[in-house]
Amino acid sequence: MEELSHWIDGARVAGTSGRFADVYNPATGEVQARVPLASQAEMDDAVARAAKAQLAWGATNPQKRARVMMAAVGLINRDMDKLAEKLSSEHGKTFVDAKGDVQRGLEVIEYCIGAPQLLKGEYTDSAGPGIDMYSMRQPLGVVAGITPFNFPAMIPLWKMGPALACGNAMILKPSERDPSVPLMLAEIFKEAGLPDGVLQVVHGDKDAVDAILDNDTVQAVGFVGSTPIAQYIYARGCANGKRVQCFGGAKNHMIIMPDADMDQAADALIGAGYGAAGERCMAVSVAVPVGDGTADALRDRLVPKIEALKVGPWTAGDDVDYGPVVTAAAKDNILRLVETGVDQGAELVVDGRDFSLQGYENGFFVGPHLFDHVTTEMDIYRQEIFGPVLSMVRANSYDDAIGMAMDHEYGNGTAIFTRDGDTARDFAHRINIGMVGINVPIPVPLAYHTFGGWKKSGFGDLNQHGPDAFKFYTRTKTVTSRWPSGIKEGAAFNFKAMD
Ligand code: NAD
């Protein structure tokens with residue numbers, strides 16, 4: 001069995017804590033590797049080394065840092081298939097979807113090539129007599145990224161790209177469930193010219209995370225994962241005086257108006273509801289058709305499509321629509337929630353509970369489920385299931401539908417399908433959710449916009465990637481200077497306007 005290591009000072013380093021976590025092949029249910037879980041001492045050591053390396057990196061001019069990004073783009077493209085294969089083998093998602101995972105991370109690295117432009121400051125000439133004023137953006141020092149299992153390439157790249165391009169050193173604490181791809185990315189960045197120590201990949205669980213949160217050298221923490229952990233990290237990180245942004249769970253509603261193109265809406269729901277086995281924070285898990293006529297028309301189209309879904313291992317090729325979920329515990333939790341749906345009175349229209357795949361009986365596969373007549377009090381509506389389970393909640397009117405989405409505690413993404421511009425515009429303006437699709441089911445913003453949810457899906461002021469990331473990973477310093485120095489004003493005791 002493979003034993004994975006940390007990545008410290010540009011090399012693979014074995015863990016010393018004596019604690020490990022199993023890494024599964026979700027398609028077979030077998031343990032394929034074990035990953036070390038760092039102790040506080042190991043984390044503190046990695047942070048101290050990163051702080052040393054950051055001094056020179058932070059002083060490196062932005063164009064040179066951008067060249068590392070540029071080289072990394074070429075190398076990630078070179079290794080795309082290798083990365084995607086490893087990603088599929090640990091996560092379970094299909095090969096094509098795994099390449100998309102790498103690709104959407106890569107796009108943020110491409111954006112970071114613009115660091116020299118993005119980091120340019122502001123300048124006011126002659127703010128007063130002989131006085132000029134300028135603001136510059138400086139790196140924070142050592143920052144940390146704590147990332148979830150469901151995008152093991154994309155989200156680490158969203159964290160490391162902007163953090164490093166801004167001149168910080170980063171401690172990346174990836175998910176212990178699929179930790180290999182972040183290690184491969186660290187190797188790629190070394191090959192691209194990143195100095196040793198500037199990116200440390202330290203594996204671990206709560207102990208490692210707490211060590212990050214309590215380490216005074218760590219200036220900022222960017223987290224992505226479930227909401228309870230997001231809230232915990234936000235509270236503890238802020239209490240320790242750090243800059244923190246935490247992105248949490250989701251329950252994304254897609255509203256289908258009676259005038260929508262029903263075939264288009266059904267196709268969108270299939271991809272957004274069941275793609276990646278529903279293990280996406282932007283997955284659509286709630287369909288809200290407006291009116292019974294719309295609901296029936298949608299249901300008629302959805303059922304045959306869901307029954308035709310091909311569930312299988314990534315090795316079966318392009319024919320597979322989605323793969324297993326990440327662990328046995330994830331599978332158990334999904335099936336437990338499905339039972340609550342049945343018990344609480346929802347109609348289980350497509351029942352995937354007995355799904356089994358010949359030859360892969362021990363894999364973590366979950367068949368597709370469709371519930372109809374779900375109500376807003378049910379657990380399957382209120383909780384994030386993170387599996388291939390779509391719930392239909394019938395709304396009487398557009399106002400009912402938008403009200404439902406607005407009342408839900410999560411606010412990551414949402415979509416409306418309609419041909420009516422007035423409705424679409426009203427929805428986009430009124431909804432209290434961070435990312436909105438109009439006839440687009442998964443509205444993930446591109447690298448040069450920012451990504452982030454509202455309500456219990458996001459904690460902190462700034463979003464991920466795009467211009468916000470360059471703000472999050474830098475702090476502003478403003479300099480007021482007087483030249484020539486010969487101008488004499490005498491002692492000034494009061495604030496006054498500059499003449
Ligand atoms: P998770 O919260 O279990 O784990 C996320 C990270 O936190 C991992 O690195 C993990 O090691 C660490 N962690 C776990 N338990 C911890 C604890 N008790 N104390 C400290 N750290 C801990 O999330 P996950 O299961 O890996 O990922 C799925 C979740 O992430 C879903 O809720 C999904 O919606 C969310 N997610 C959100 C976004 C977003 O941008 N909003 C994106 C992707 C995933």
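This is a predicted model: local features need pLDDT of at least 70, side-chain atom pairs count only at pLDDT 80 or more; totals for chains, interfaces and linings use all residues.
I started with secondary structure around the ligand: α8 (206-213) and β11 (218-224) each give at least two residues to its shell.

Next I looked up the domains. Domain 1 (2-248 + 457-479) puts at least three residues into the shell around the ligand, and so does domain 2 (252-438).

Then I checked who is in the shell. I get 29 residues surrounding the ligand, with Thr147, Lys173, Glu176, Ser226 and Glu384 as the closest. By type, the shell splits into 14 nonpolar, 10 polar and five charged residues.

Which pocket holds the ligand? I find it sitting in the largest one.

Glu176, already on my list of the closest residues, has a polar side-chain atom 2.6 Å from an oxygen atom of the ligand. Phenylalanine 149 uses its backbone instead: a polar atom there is 3.0 Å from a ligand oxygen. Glycine 248 also comes in through the backbone, with an N or O atom 2.8 Å from a nitrogen atom of the ligand.

Last entry, on burial. How much of the ligand's exposed area does the protein bury? Taken alone, the ligand exposes 850 Å², and I read 90% of that as buried by the protein.

Note on methods. Residues are numbered from 1 along each chain as its sequence is written. Side-chain values use heavy atoms; hydrogens and water are left out. A residue is near a molecule or strand if one of its heavy atoms lies within 4 Å of it. A polar contact is a pair of N or O atoms within 3.5 Å; within protein, one must be able to donate a hydrogen and the other to accept it, and residues adjacent in sequence count only if both atoms are side-chain atoms. Accessible areas come from the Shrake-Rupley method with a 1.4 Å probe; for residues, only the protein chains shown count as cover. On a 1 Å grid over the protein atoms alone, a cavity is a set of points where a 1.4 Å probe fits but cannot get out, and a pocket is an open set with protein on both sides within 12 Å along at least five of seven lines; lining residues have an atom within 4 Å of a point. A molecule sits in a cavity or pocket if more than half of its atoms lie within 2 Å of its grid points. Helices (H or I, at least four residues) and strands (E, at least two) are DSSP runs, numbered from the N terminus. Ala, Val, Leu, Ile, Met, Phe, Trp, Tyr, Cys and Pro count as nonpolar, Asp, Glu, Lys and Arg as charged, and the others, Gly among them, as polar. Domain bounds come from an automatic or database domain assignment.
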